[in-house]
Amino acid sequence: MSAVTPLPPLHDPAAEQKLPSLYDFFHPGGLLAKSTLAFEHRPGQYKMAQTIEQCFNDRRHLIVEAGTGTGKTLAYLLPALKRAREQKQRIIISTGTKNLQEQLFFKDIPFLESILGPLKVCYMKGRANYLCKQKLYALRDNPILSGLEEIDQFHHILTWEKTTATGDRAEVNTLPEHSPLWHKLDARSEVCLGQSCPNWEPCYITSMRRKALESDIVIVNHHLFFADLSIKQQAAGAPDAGILPEAAAVIFDEAHELEDVASQYFGIALSNARFDELARDTESMLRAKGVSTSAIESATSTLRERSKLFFSSLPAGPSHLGRLEFTDRADFLEARGDAYLAASNSLLRLESELEQLREVEEASGLRKRAADIRHHMKFLLESDDPNNVFWIERRATSGLRNAVRATTLSSQPTPLSSRPERSEVERSPYSPSSTAPQNLAFSTHLQATPIDVSTLLAETLFANYATVVLTSATLTVAQSDGVPGFAHLKKRLGIPFPKELVVPSHFDYARQALLYLPPTMPAPRHPDFIPQATEKIRRVLEITRGRAFCLFTSHAQMRELHDRLLTQLPYPLLMQGTAPRHVLLQQFRETPNAVLFGTSSFWQGIDVQGEQLSCVIIDKLPFAVPTDPIMKARTDAITAAGGNAFNDLQVPQAVIALKQGFGRLIRSLSDRGVLMLLDPRIRTTRYGATFLDSLPAYRRTDDITEVERFFEPTKAS
């Protein structure tokens, strides 16, 4: 990465059309006003675009909270396009979700091209989204497939490969989301032969990289950006490391997610699946080449056995599934070090056997994978890095998830609240719990996560790009004077001396939205909370005639309230877990008066405009449970440094989550509706004022008759 070196010309400057000034584009009567877009001049949008352009010129970082309805995508796209074209400085735009990534590339960019002419923009996903031709042809010549369904999928992909220009699996609508077949065919880097591959030239990854090198703007998502950044950090700047091209600046939309995503990719993760995949890939790839040996087959068999023993020996809480902190690694090594050494030695043995196959191209990549797993395992068991928290998670695989859906087993955790309780963390025997569901599959993950990513980001991100722009509708948290500010974000991300801008929403929240805070709700832990919440939700949904999201901080509470209300309401009730997320959203949009019950994945990244969503109900303030290993490590670190972890971390994170949840309601100038929060702590505690001061200027009430009056003009519709 280079923040200072101008990039080589991407295409002939003489053939390029000069892009308009920001004023000519955004002002009343300008190009945007004359376009097919329903135009309304938004001073905040113009101000944001001007500020981004100025920060490009000043080589300065920027944080900008742009309220919903600002039109922030156009506000950053135009200055980015101008900078890239005029200064020959490529710019990366990173989004929090693939949905926004696709909106930018398939909707916003074509709209701008209709006004500005052709633009050099490309769209990149992670390598696992793309087909590997070499794998496909090898599997075609030596088919190792499981069952008729997989055979049918394989033939469908063979046919599709002949016509696709991108190799993007999103084009294959019939392929299941978690298809085992796709994992045998995707273009993940660990099995890539690089330029020695006979299909290097027509490779979809090669083609994607070429397009990126020819583009002014490269649109990615946060997961790809930080995976690439981590690879480049580990490669210490080696040429050709990673997949993203050099760029002079980065714009992060949905930047409120950066700490979590960066933590994921700057950490180390090891699962039983990585061992199984290594053994499977070694066997299938070498058998396909006809070079597998009995020694290799024996080594992979031993690897499977030893890894299974190692993962089964790791501590487990009484609920079996979920997370627990791995605080007693030294005790574990004392008690079960033999299982660790056996797994490590089985990797060494496989490396040694693969070393004998130097003439086989695939062998070097497999050997490197084995070495990487061994080094990761050593770090996870032996490292004393004080900036990492070490933890274990057992996750349900599809068989167990389906059983949970069918039997509605209680209290699977979500990132918002239901993490393992302290009693689960403290009881950590060195063997799986005897209460584990029988004959159902789960995966075990051993992980190390940075406690503080601010220094890592300062060194790898903010120091390497001339300008980094962070934007979202939810970045500020009210400070002690009641004024929203960026102090929390700046401290958590380590961004040095940024320019700051808050752009108010274009919406009239006081007119469009009513925040109802029921006056008599008991505390969330009180036995009467659930019965009273049921009654309050029922009453409000009768007024709104359904048409609502009910958002919860735990699966258990979601299911209980759904089941209680199922017989009390005449409206269709949809619940997370009964179908894939996109299917539930489609059903909600198409079903009159529907009510959708959801947890964390429905709090953000969802856009339902119009009367179909007229109410958002939230059960509790979305605090992360303090016993979650990562949260506990971070609060302990803040306390040890003399800070107040509750005020400095837990409250700000919950504020941003609440703003995201309530933000589902008003998505356009014509939207209107009611918000309800059932948690009385927003009114009865000192920190509740921080939440209220951080929210948009909703009109507030504790009178249910106000809710009735709010909907009176639309009742006849």
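Start by selecting Glu362: at 7% relative accessibility it counts as buried (buried means under 20% relative accessible area, exposed over 50%, partly exposed in between, with a 1.4 Å probe and protein chains only). This is a predicted model, where local features need pLDDT of at least 70, side-chain atom pairs count only at pLDDT 80 or more, and totals for chains, interfaces and linings use all residues. Residues are numbered from 1 along each chain as its sequence is written, and side-chain values use heavy atoms, with hydrogens and water left out.

Glu362 sits in helix H14, residues 361–382 (helices are DSSP runs of H or I, at least four residues, and strands are runs of E, at least two, numbered from the N terminus). Show its contacts, meaning heavy atoms within 4.5 Å: leaving out residues up to four places away in sequence, Glu362 touches Leu193, Met285 and Lys289.

Next, the rings. The whole structure holds 28 aromatic pairs (rings of Phe, Tyr and Trp, using its six-membered ring, pair if their centres lie within 6.5 Å; planes under 30 degrees apart are stacked, over 60 edge-to-face, the rest tilted). Pick Phe379 and Phe390: this pair is tilted, 6.0 Å centre to centre with 45° between the planes. Phe379 lies in helix H14 and Phe390 in strand E8 (residues 388–396), so the pair ties together parts eleven residues apart in sequence. Phe379 is partly exposed at 28%, while Phe390 is buried at 7%.
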